[in-house]
Amino acid sequence: MRCPFCGNVDTQVKDSRPAEDHVAIRRRRFCPACGGRFTTYERVQLRDLVVIKTSGRREDFDRDKLERSIRIALQKRPVEPERMDQMISGIVRRLESLGETDIPSSTIGEIVMESLARIDTVAYVRFASVYKNFQAADDFDRFIDELRPGQKPEA
Ligand SMILES: [Zn+2]
């Protein structure tokens with residue numbers, strides 16, 4: 001696993017333990033090159049999901065991007081990290097059980113909004129207001145930029 005700080009490929013696992021009620025394995029990793037520490041999660045992936053954007057472009061589903069957008073929506077909200085992880089796993093399981101491997105980006109946005117609405121109203125409003133401006137969350141990267149407080153481009 002490549003070090004996210006320095007790019008070194010040769011990182012070490014320091015500790016592995018079950019997480020999220022045994023749905024995931026959490027590994028603490030250490031990079032001997034730069035001393036960086038980071039955590040990875042190993043999960044069952046039932047299907048390889050593909051996101052269909054409104055433009056029709058296809059992109060492999062990226063759990064990390066989903067997680068980043070949710071993390072930003074939940075910034076400074078009183079929600080335990082474990083709860084957030086469970087919510088994200090729940091979203092991914094729902095996506096995987098839709099019965100289709102190709103999923104419109106709008107479906108993902110709707111499911112995220114539903115899930116956020118259940119755990120934190122403020123985060124839901126943050127996410128929903130950006131999402132609705134944005135017409136179908138076409139590009140998660142741009143979406144994340146717009147969600148990030150203080151870096152919102154002038155309209
Ligand atoms: Zn490193």
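A crossing of two helices is left-handed if the near helix is turned anticlockwise from the far one by less than a right angle, and right-handed if clockwise. Helices (H or I, at least four residues) and strands (E, at least two) are DSSP runs, numbered from the N terminus. By this convention, α2 and α3 cross in the right-handed sense.

The model is a predicted one, in which local features need pLDDT of at least 70 and side-chain atom pairs count only at pLDDT 80 or more, whereas totals for chains, interfaces and linings use all residues. Numbering starts from 1 along each chain as its sequence is written.

Two packed helices are described by the angle between their axes and the distance between the axes. Helix α2 (residues 81-96) and helix α3 (residues 105-119) have axes that come within 10 Å and cross at roughly 145 degrees; axes are lines fitted to C-alpha atoms, for helices over the stretch in contact, and angles run from 0 to 180 degrees between N-to-C directions. On the α2 side, Arg-83, Met-87, Gly-90, Ile-91, Arg-94 and Leu-95 meet Ile-108, Ile-111, Val-112, Ser-115 and Ile-119 of α3, contact requiring C-beta atoms, placed from the backbone, within 7 Å.

The largest nonpolar core comprises 20 residues, and Ile-70, Ala-73, Ile-88, Ile-91, Val-112 and Phe-127 have the most contacts inside it. Such a core is a set of buried Ala, Val, Leu, Ile, Met, Phe, Trp, Tyr and Cys residues joined through C-beta atoms within 7 Å; a residue is buried if 20 or more other C-beta atoms lie within 10 Å of its own, exposed if 12 or fewer, and partly exposed in between. At least two core residues come from each of α1 (63-73), α2, α3 and α4 (121-134), with α2 giving the most, six. Beyond its neighbours within four places in sequence, Ile-88 is in contact with Leu-66, Glu-67 and Ile-70.

The sheet is open, with three strands in the order β1-β2-β3 and antiparallel pairing, where pairing requires at least two DSSP bridges between two strands. Strand β2 (residues 24-30) forms seven bridges with β3, and Arg-26 stands opposite Tyr-41 in β3. Seven bridges also join β1 and β2, with Val-13 partnered by Arg-29 in β2. Of the eight residues of β1, the number buried is zero, so this strand lies largely in the open.

Note on methods: Two residues are in contact if their C-beta atoms, placed from the backbone, lie within 7 Å.
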